[in-house]
Amino acid sequence: MSQLTLDLPPGFDPDAAWRYHGRDWYRDRDAPAERVAGPALTKALEFDGRAYLLTLTAPAGGGTLVMGMDSDDPLILARAQRVALRMLGLTPALADAAAGLEARADHDATTARLVGNRRGYRPPLAATVFEALAWAIIGQQINLTFAADLRRQLILLAGRPHPSGMIAHPEAAAVAALDPELLTARRFSRSKARYLIDAAQAAVAGRLDLAALERLDTDPAGEAAAEAALLALRGIGPWTTNYVLMRGCGLPDRVPVGDAGLAAALQRFHAMDRRPTAEEQATLMHPHAPWRSLATAHLWASLA
């Protein structure tokens, strides 16, 4: 087991990542691909056809975090560190967004109320873009508990097993090769199964460039092309696209307009007597540009 020490920015609280990846928010406390036990988060990852185990441990006192990985290969460790930083929300784009939003909070009362006591907060990202895309498709128009069960079924069906008994989330190639009937037998709707497999096949065929999507947080020049490629997929609309660009790619100024959680948070934040429409959500989020992804994450966190 190799270990690296990761420095954390001032005020950073890893609990947000623990809650997100530990699935506390949709009650899947024994997920096959990731688990939280005390101060440690363990995540099964697949690299080059092999499953590895990544462990992130937050020592008492904060300031640093220990990354453990069951490999001594420098290339594997570098890839695992990139995933770890994504999972913690510690990417350059999100660092800049957090600094900008918190600076605005120093002189704007609405932003100060939005940020509240969450200074240093970073929205955790999915381990990979494809994992975010799969979750977004799975979660379309169903509740979180059911979505979590479907996600579990996908991992059990197509994921890469690790000797520990944990299973890495399947990569696009494994999902692309699935027969839709295997998913419908596990309570996927026919359309959801088809959309998921179509997206995976697009990635395998190169119509959806996952590697380019992974680089968007440091090279946003391809954002428009990435958005168009996602929207070109069957069953992928603006909500799914914005979710993937926000939670999968780490882009700082995306809003998943139409999201039920965002609507509930905006209703509470603005003391509205009803849920805002999609158009109203877009209008209410506009003042938070160019950091609307982080503002959305703060609003989601306010519901906890």
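Biologist: How far apart are the mean positions of the positive and negative charges of the protein chain?
Modeller: In this predicted model, the mean positions of the 32 positive and 33 negative charges are 5 Å apart.

Biologist: Which helices and strands does the protein chain have, in number?
Modeller: The protein chain has 15 helices and seven strands. Its radius of gyration is 19 Å, close to the 19 Å from the globule rule for 304 residues, so the chain is as compact as a globular protein of that length.

Biologist: And what does the C-alpha trace span along its principal axes?
Modeller: The C-alpha trace spans about 50 × 45 × 35 Å along those axes.

Biologist: What percentage of the residues is buried?
Modeller: Buried residues account for 52% of the 304 residues in the protein chain. The accessible surface comes to about 13,200 Å², and 54% of that surface belongs to carbon and sulfur atoms.

Biologist: What share of the contacts with a separation of 6 or more is between residues 24 or more positions apart?
Modeller: Such residues account for 62% of those contacts in the protein chain.

Biologist: What is Leu-154 in contact with, leaving aside its neighbours within four places in sequence?
Modeller: Its contacts include Ala-134, Ile-138, His-169 and Pro-170. Val-175, Leu-178, Phe-188 and Leu-196 are also among them.

Biologist: What does Val-129 contact beyond its neighbours within four places in sequence?
Modeller: Val-129 is in contact with Arg-86, Leu-210, Leu-213, Glu-214, Val-244, Gly-248 and Cys-249.

Biologist: Now a charged residue. Where is Asp-198?
Modeller: Asp-198 is in helix 9, which covers residues 190-205. With 15% relative accessibility, Asp-198 counts as buried.

Biologist: And which residues is Asp-198 in contact with, apart from neighbours within four places in sequence?
Modeller: Asp-198 is in contact with Arg-207 and Arg-234.

Biologist: What about Asp-253, where is that found?
Modeller: Asp-253 is found in the loop between helix 12 (238-248) and helix 13 (260-269). Its relative accessible area of 24% makes Asp-253 partly exposed.

Biologist: Which residues does Asp-253 contact, again leaving aside neighbours within four places in sequence?
Modeller: Asp-253 is in contact with Ala-289, Pro-290, Trp-291, Arg-292 and Ser-293. Its C-alpha atom is also separated by 9.9 Å from that of Leu-94, a residue 159 residues apart from Asp-253 along the chain.

Biologist: What kind of peptide bond joins Ala-289 and Pro-290?
Modeller: A cis peptide bond joins them, with omega of about 5°. Pro-290 is in the loop between helix 14 (278-285) and helix 15 (292-302).

Biologist: Why mention that bond at all?
Modeller: Most peptide bonds are trans, and most residues other than glycine have a negative phi.

Biologist: Then which phi value does Gln-141 have?
Modeller: Gln-141 is not a glycine, yet its phi is positive, at about 60°. Gln-141 lies in the loop between helix 5 and helix 6 (144-158), and at 84% relative accessibility it counts as exposed.

Biologist: And what is the phi of Arg-187?
Modeller: The phi of Arg-187 is near 80°, which is also a positive value in a residue other than glycine. Arg-187 is in the loop between helix 8 (180-184) and helix 9. At 53% relative accessibility, Arg-187 counts as exposed.

Methods:
Residues numbered from 1 in each chain as written. Predicted model: local features only at pLDDT ≥ 70, side-chain atom pairs only at ≥ 80, totals over all residues. Heavy atoms only, no water. Helix = DSSP H or I, 4+ residues; strand = E, 2+ residues; numbered from the N terminus. Rg over C-alpha atoms; globule rule 2.2 N^0.38 Å. Buried < 20%, exposed > 50% of the residue type's maximum accessible area, 1.4 Å probe, protein only. Contact = heavy atoms within 4.5 Å. Areas by Shrake-Rupley, 256 points an atom, 1.4 Å probe, with all protein chains shown as cover. Lys, Arg positive; Asp, Glu negative; His and termini not counted. Charge placed at Lys NZ, Arg CZ, Asp CG, Glu CD.
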